[in-house]
Amino acid sequence: MAPPARRELPDRHLRPGDRLGAVADLVLVTTGSQAADFSTGSMTEAPSPRASGRAWALWERLAQGRTDFGNPDVFFGSARIPDSLWVTFTVTDTGTEFSNQIAALTGSESGRGGLLTLKDSGWVLSLSVFHQPEIIGQPPGTTVWWGYGLYPDRNGDFVGKRMDQCTGAEILEETLRQLRFDKQLDAIMASSICVPCYMPYVNNIWLPRSRGNKPPPVPEGATNLGLIGQYVEVPREIAFTIECSARTAWEAIHRLLKRGPAPPPVYQGQYDPKALFDTLKVFAGIG
Ligand SMILES: Cc1cc2nc3c(=O)[nH]c(=O)nc-3n(C[C@H](O)[C@H](O)[C@H](O)COP(=O)(O)OP(=O)(O)OC[C@H]3O[C@@H](n4cnc5c(N)ncnc54)[C@H](O)[C@@H]3O)c2cc1C
């Protein structure tokens, strides 16, 4: 049987020449990504920035000349990068020196400690030593760990260069020296591959914004268009988390199709006595 004819959607948001699909279609647009325009380097090369703008190009077009689609310029574009950039790095290590030393330093075996922040390091480095294996198909005896610098525009204390201009080897050396693993440095460097990643928009979800800068999951009047992801406003939800993006999709689909359960209320930890007590214990040093 031939499929039913598709009728163009007369949507008030469409301009002459725009085609948004047919009445039977539901269009969900991820309006941007924290990973937009990321680039990777290697042990011997720093990542080269590549400004494509592809991740938010559709949002930019939708928002042009309209007020109810938010404002992508608050989050994306070269003016945002200085406040939004992190350099992250992933280390693959076939040796045991690093795992042994970090376990001895922190008192936690791999994957059992939290994020470790070297708060006095010039780049303000944080490290996460995963529960192994972290990657599907990771060979036994290989350890994967990850880190990032919040201030990649500052000079490292040991390598004396901006983090965003460093190779993977330089970032690894700076990190190991910050940890005072000087004696094990050569062995760890020899058994490790450190891949740096330039992420110009990773922090943009926490930049100052005003009401209306992020559009709602379903713009007013839209009947088959949902906006989803981190750059969509959901009252009381926190930016950054996977839960936040999933909720925008759930909300958009629920509002557009008008069926199925509504998303559950957003958890409000600040009113949860147990969460508050647990937090207090951490600050008091007894958690
Ligand atoms: C370093 C880092 C650490 C994180 N840690 C955590 C954590 O511990 N816990 C947590 O909850 N969240 C964490 N997050 C956040 C989490 O990754 C995001 O909340 C989540 O990935 C957002 O999902 P999304 O689908 O909205 O967008 P994304 O996962 O960013 O997906 C967007 C997709 O769109 C694609 N895309 C871009 N442009 C185009 C185009 N023009 N055409 C087609 N496709 C395109 C991209 O390739 C990408 O696949 C972290 C994020 C980063 C960067």
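Which strands are included in what covers the buried residues of α6?

## Helix α6

The cover includes β1 (27-30) and β8 (225-228); helices (H or I, at least four residues) and strands (E, at least two) are DSSP runs numbered from the N terminus. The structure is a predicted model, in which local features need pLDDT of at least 70 and side-chain atom pairs count only at pLDDT 80 or more, while totals for chains, interfaces and linings use all residues. Residues are numbered from 1 along each chain as its sequence is written, and side-chain values use heavy atoms, with hydrogens and water left out.

The buried residues of α6 are C244, R247, T248, A249, E251, A252, H254 and L256, where buried means under 20% relative accessible area (1.4 Å probe, protein chains only). Just after α6, K258 has a positive phi of about 55°.

## Nonpolar cores

A nonpolar core is a set of buried Ala, Val, Leu, Ile, Met, Phe, Trp, Tyr and Cys residues joined through side-chain atoms within 4.5 Å. The largest has 48 residues, of which F76, F89, F98, W145, I171 and L176 touch the most other members. At least three of its residues come from each of domain 1 (27-80 + 202-269) and domain 2 (86-199), with bounds from an automatic or database domain assignment. Apart from this core lies another, of five residues, including W86, Y148, M199 and V202.

## S191 in helix α5

S191 lies in helix α5 (residues 185-191) and counts as buried because its relative accessibility is 18%. Its side chain joins that of D93 in a polar contact of 2.6 Å.

Technical notes:
Buried < 20%, exposed > 50% of the residue type's maximum accessible area, 1.4 Å probe, protein only. Contact = heavy atoms within 4.5 Å. Polar contact = N/O pair within 3.5 Å; in protein donor to acceptor, adjacent residues only side chain to side chain.
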